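Q: Please go through this model and say on what grounds its residues and contacts get their labels.

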Amino acid sequence: MDAPQPEADPTQALETVRHELARALVDAGRPEGSARLCAVSKTVGQGPIRAAIAAGQRLFGENRVQEAKAKWPELRAETEAAGRGPVELHLIGPLQTNKAREAVALFDAIQTLDRERLAAALAEEIQRAGRAPRLFVQVNTGEEPQKAGVSPREADAFIARCRTGYGIEASGLMCIPPAQGQVSPHFALLAKIAARNGVKELSMGMSGDWPLAVQLGATVVRVGSAIFGARPGPAG
Ligand SMILES: *Cc1c(COP(=O)(O)O)cnc(C)c1O
């Protein structure tokens, strides 16, 4: 199947990914619904997102606070007004400390907690706002210098420090493996870190590799281009 065009109707592609996800769970001997599809709608306009919502999708991922703020309050309101139930929105891109307030107000989960200063800022905003998005610690499994995330060696201490120092609990871990090479070792490493820290959720796998992530225990797969089509400009 050709990749759909960016502004094309994503209904068919979404249906296909959903079926493949259900089958991947069966193949992995995992319970139905134990991995959820996060439709990554960064750079996608409201039109195709509306179509995805109409087709039953409720979990979405965005990588920029400002973009999410421009698109989602309206989409959320109209979805609820139509009696379609709540949308769940995850931040999957880097978060600057000075945007912690907006992020806490806007997102149901923040998957990119990766440093102590951000933990402090989020803890403070969660207190202040009385609203607590679930938090995922991003782990830089490939230890790539240009990539966000705590190093695998520091992950245990960071998770503990979030808990004892800031009173915030990591609900999950997230990783983005290096663009080159095998992804399985990265997914396996993330699963291992989660298990030994008692962390339940694993956000791993994107359009090109999510079935492997499901085999290795992903509870959230983040799929963008396979649903909405290729994004304009450089990937990311
Ligand atoms: C863009 C993005 C995705 C989705 O990538 P696709 O290859 O289009 O599925 C997943 N995770 C993160 C963190 C992203 O930035």
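Exposure, contacts and helix geometry

Q: Why is Thr43 called partly exposed?
A: Thr43 has a relative accessible area of 40%, and partly exposed covers values between the 20% limit for buried and the 50% limit for exposed, so Thr43 is partly exposed. The model is a predicted one. Thr43 sits in the loop between strand S1 (36-40) and helix H2 (46-54).

Q: What makes the phi of Thr43 worth a remark?
A: Thr43 is not a glycine, yet its phi is positive, at about 65°. Most residues other than glycine have a negative phi.

Q: Which other residue has a positive phi without being glycine, and where does it lie?
A: Glu143 has a positive phi, near 50°. Glu143 belongs to the loop between strand S5 (134-138) and helix H6 (152-166).

Q: Why is Glu143 called partly exposed?
A: The relative accessible area of Glu143 is 41%.

Q: Why does Val139 count as buried?
A: Buried means under 20% relative accessible area. Val139 has 1% relative accessibility, so Val139 is buried. Val139 is in the loop between S5 and H6, and its C-alpha atom is 19 Å from that of Ala100, 39 residues apart along the chain.

Q: What makes Ala35 buried?
A: The relative accessible area of Ala35 is 5%, and the limit is under 20%, so Ala35 is buried. Ala35 is placed in the loop between helix H1 (11-27) and S1. From Ala35 to Leu25, ten residues apart in sequence, the C-alpha distance is 7.6 Å.

Q: Why is Glu124 called exposed?
A: Exposed means over 50% relative accessible area. Glu124 has 54%, so Glu124 counts as exposed. Glu124 is in helix H5 (residues 116-129).

Q: How do you know whether Asn197 is buried or exposed?
A: The relative accessible area of Asn197 is 16%. Buried is under 20%, so Asn197 is buried. Asn197 lies in the loop between helix H7 (184-196) and strand S7 (201-203).

Q: What makes the pair formed by Asn197 and Ile193 a polar contact?
A: A polar side-chain atom of Asn197 is 2.8 Å from the backbone oxygen of Ile193. A polar contact needs N or O atoms within 3.5 Å, so this pair qualifies.

Q: How do you know that the span of helix H3 agrees with its number of residues?
A: Helix H3 (residues 65-81) has 17 residues, and at 1.5 Å a residue they should span 24 Å. The end C-alpha atoms of H3 are 24 Å apart, so the two values agree.

Q: Where does H3 bend, and which residues of H3 are buried?
A: H3 bends by about 35° at Trp72, and the proline Pro73 follows within four residues. The buried residues of H3 include Trp72, Val65, Leu75 and the charged residues Glu67, Lys71 and Arg76.

Q: Why is Ser225 called partly exposed?
A: Ser225 has a relative accessible area of 27%. That value falls between the 20% and 50% limits, so Ser225 is partly exposed. Ser225 is in helix H9 (residues 225-228). The C-alpha atoms of Ser225 and Glu74 are 23 Å apart, and the two residues are 151 residues apart along the chain.

Q: Which residues are around the ligand, and how do they divide?
A: Among them are Val40, Lys42, Ile92, Met206, Arg222 and Gly224. The shell divides into five nonpolar, three polar and three charged residues.

How values were computed:
Residues numbered from 1 in each chain as written. Predicted model: local features only at pLDDT ≥ 70, side-chain atom pairs only at ≥ 80, totals over all residues. Heavy atoms only, no water. Near = heavy atom within 4 Å. Helix = DSSP H or I, 4+ residues; strand = E, 2+ residues; numbered from the N terminus. Expected span 1.5 Å × (residues − 1). Bend = angle between axes of the 7 residues up to and from the residue. Buried < 20%, exposed > 50% of the residue type's maximum accessible area, 1.4 Å probe, protein only. Polar contact = N/O pair within 3.5 Å; in protein donor to acceptor, adjacent residues only side chain to side chain.
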